[in-house]
Amino acid sequence: MSQTPNDPSLTVPPTPASTPGVDVPDPNSKSSAKKEAKRLQKEAKLAAKTTKVTVSNPAGEKKAKEQKEKKEAEPEFNNTTPPGQKKDLTQKMADGYNPIAIESAWYDWWDAQGFFSPQMASDGKPKPEGTFIMTFPPPNVTGSLHIGHALTVAIQDSLIRWNRMLGKTTLFVPGFDHAGISTQSVVEKRLYKTTGQTRHDLGREKFLETVLQWKNDYQGRITNQMRRLGGSFDWERVAFTMNPMLSKAVVETFCRLHEDGILYRANRLVNWCVRLNTTLSNLEVEQKQLTGRTLLNVPGYDSKEKFEFGVITSFAYPIENSDEKIVVATTRPETMLGDTAVAVHPDDPRYKHLHGKFVLHPFVNRRLPIVTDSIAVDMEFGTGAVKITPAHDINDYEVGIRHKLDFINILNDDGTFNGNTGDQYKGMKRFHARVAVVKALKDAGLYVEMKDNPMQIPICAKSGDVIEPVLKPQWWVDCKPLAEEAIKRTRAGELVIAPKQSEAEWFRWLENIQDWCISRQLWWGHRCPAYFVHIEGSDQDANDGKHWVVGRTLKEVTERAKALAQGAKFTLEQDEDVLDTWFSSGLWPFSLMGWPEQTPDFHNFYPGSVLETGWDILFFWVARMVMLGIKLTGKVPFKEVYCHAMVRDAHGRKMSKSLGNVVDPIDVIQGLPLETLHEKLNEGNLDEKEIAKAKAGQKKDYPKGIPQCGTDALRFAFCAYSGGGRDINLEILRVEGYRKFCNKIFNATKFAMLKFDAEFVPEPTVKPTGNENLVEKWILHNLNIAAEDINRYMTDRNFMMVTTSVHNFWLYELCDIFIEAMKPMMDGSAPLATQKSAQQTLYTCLDYGLRLLHPIMPFVTEELWQRLQRRPNDPTPSIMVSSYPTFDNDFVFADAHKEFELVFSVLKTGRSLAASYNLQVDIQFFVHVQSAREEAIFLSQAPTIVTLTKGCTSAKVVRDLKDIPAGCGSSVLTPTVAVHVLVRGLVDLDAEIRKCDKKLSLAQLNLEKLRKIESQPNYEDTIPAGVRVSNEEKRKTYEAEITTLESSKEMFANLK
């Protein structure tokens, strides 16, 4: 029986039985499962809003005041368990669920017990059940984890814990990324904000010491967050991308790729970020779409200054020795100072007479040749003439190569113009030069026009600065052969990428891959193991890679330099640049296993099982790991890539510090007042204006601060959110709703454990004893279905349905039905055998129910499971190393399940009947049956029906309609089962007769339609057998319903 909760925190009455004769969709179908999961999400969202309204409208001032006083009187929890020791559970359970108390001490004990380390077989090898290896995507040490990292921990740790409980050798490796650009940038900002100094004031060595202090501080903070989130990481293997072992892997990779001709040095165009003063890869550049003329602020300029983008400016170049002019157009007029040619199409008749001639630059002493180029020039676009700036435009660069043009760089690294632009512009900032050049063109009479121009402008993803293409000598990786192999392996099935949308993007990107610039003009990072060899007496170009050597050690470098110098004296100068962060991150799955050494970890735990990460870094990181993994180890570094959604705020906005919507997961776990939220903004690098804006955002979203939700609720919420979409709009109230689900589990377990008396001892095995009654068999069957479904959903990475299934079992089957149905079974008048059987079934459900939930909610399940007795001879020390429930044939009670579902349908229908007559007390049911088997079932379950129906005093089973008293409302469930509720003296008889007439008309109409279908020629031959059986059942139900309605109508008429 599967239901969907309307609220993650409330027990909702079961829905009425389906209308007879109406086909009900299969709840196990994919479409039904998806709809059900979506409904869970939608209704939980609605319920969270309802909760908010309810909180603001208390039942009465006095009650609200009492609750407030009571809440204030609760003492703050103080964890007294020494770190690493097991929590003392000998005291009685708390009155209510307190996540801070529940979640204390367990993590340190798990860690101290070695539960996070991979459990090997007796021969020291991985267990025969298999391995499950995950490497945690290393968070940047730029700052604390944000809420998106909590999603990563929730999903990955759920998979690790599930596989560990399945008996596999598991390893979950934590680590940290040095994040070159981001960390250096944030430390520089902080340094300037606090001391007014720059990194150049400190010098390289002192600045790196400052960054290292920052790294150690934030690595400690992040470690605490990862532990609080419950990630079962093997902390003995914690890694950092710049530690000696991983740094050795970086040097080895650089050298090996260079030796194989994959890595090379070249003077090529790069993406230059003036603000950060470094190059960027194409993936670190975002494209800002403009629809036309737009005024924008640019980092590094006065905030009041705005510059014009989204326009195209036309101007004329004068032809040498002629009165003619040729008109060109550009979106970056300042770059004309670096022009070295004008290109036209060779077949354009307008310019054939100008082939081979020159134009004169109006502002610098330069002649520009007019070249013909059919690739770069479209005769139909604009004037058909194109200005060429080879050193500052990717397309012009190719033209420059083809026509052997001069490559003139006009930009200094700080964004000012250099001497190649002439004295008038030298030292001028680039966008000030844009304005000045346009003015100078107008003054010279060469300006033609300016038009709106829809376009994209390249923006640095880190700083927001406008990127400049600049010619620089850098180290590059030829990615095409690496990408070809990655595509080949993926198509061969060695790597699975989910969801499918991400797989399509994967192939598209790899098929169009470009060479990767790995040089970065930073101080923080892995310095390039490359050296320029200064040979005495030799004229050398440092841009030429042939004068450089690379090596793993200084000894190897020196030997290679000697060979290059051929006996001449030389000196070595190491490249000042460091490597792109993603270069070292691309080695993560195998470098942290000890590669290039053939270590036991590399042998046992590489390749990994699953790489789970956000779709937004599929190319930044995942593709590079796959390409480098195949190249360097011969193996795809993991078998599966699962891309989770990006976490946004409740309004669908990207998390941003300046918006005030970046949430620390610890604040959701333990709660935080609004004032403290505001104070935390001062810890960052926001200016006063940004802080004021962020505070306003926080006040709007969290007027009362962030409520205390706990880790378990946060993890469960994220898994429930993970339904395959690309975005998650996180609502904290929904997380708080799942805290109430934790509270329900806590209270239900606490109540259920009262059923275990001092003499209770669990059976030695989980197998049913054979003494189970109908409702016990039903709950065990449903437990088995839940186990089967959850394992399948975990395998399919359908975390939304995992949470739906376990939520349904706990709330709607175990709590709402079985625990309530146990009351008559545990009554003092019940036979002792019945009581003992009910206890054993309850124990099994609690034991297995907690295990099913543990991977997602590790803390509350451990706390409650530890309070349960162990079965005889069961030494299992922790739920996290217990066995995970799987499908068990001994728990299949299909007939009993079907029979109790019929009982439950009668119960729900009876409830609905009573509610329709507004009956709340002294409810009397009469269940009319027509077979001895049905009579026996309902006689045995009459106490259950009474117990599960509030206000019900009796449920009688009759075989003869004459035994049903006059004055009953009725409903038919099957051709042989109907339920009646006594309403005599409580209803308007004429109104009831009209109701009967209305229902009769509908039933007769349905019956007539069905009979027409069954009377069609060739019905037996053309209609499938299954449909014919279904139609026959419907017909019998309609006929029984008509008989019952006619009887009810006659009965109401006789009462008048």
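Reader: Which residues are linked in a network of salt bridges?

Author: The model is predicted, so local features need pLDDT of at least 70 and side-chain atom pairs count only at pLDDT 80 or more, while totals for chains, interfaces and linings use all residues. Residues are numbered from 1 along each chain as its sequence is written, and side-chain values use heavy atoms, with hydrogens and water left out. A salt bridge is a side-chain nitrogen of Lys or Arg within 4 Å of a carboxyl oxygen of Asp or Glu. Such contacts link Glu252, Arg256, Glu259, Arg552, Glu556 and Arg560.

Reader: How many residues apart in sequence are the parts tied together by Arg204 and Glu576?

Author: Arg204 and Glu576 form a salt bridge, with 2.8 Å between the closest N and O atoms. Arg204 belongs to helix α8 and Glu576 to the loop between β24 (570-574) and β25 (578-579), so the parts tied together are separated in sequence by 372 residues. Helices (H or I, at least four residues) and strands (E, at least two) are DSSP runs, numbered from the N terminus.

Reader: Is Glu899 buried or exposed?

Author: Glu899 meets Arg933 in a salt bridge of 2.8 Å, N to O. Buried means under 20% relative accessible area, exposed over 50%, and partly exposed in between (1.4 Å probe, protein chains only). Arg933, at 51%, counts as exposed. Glu899 has a relative accessibility of 17%, so the residue counts as buried.
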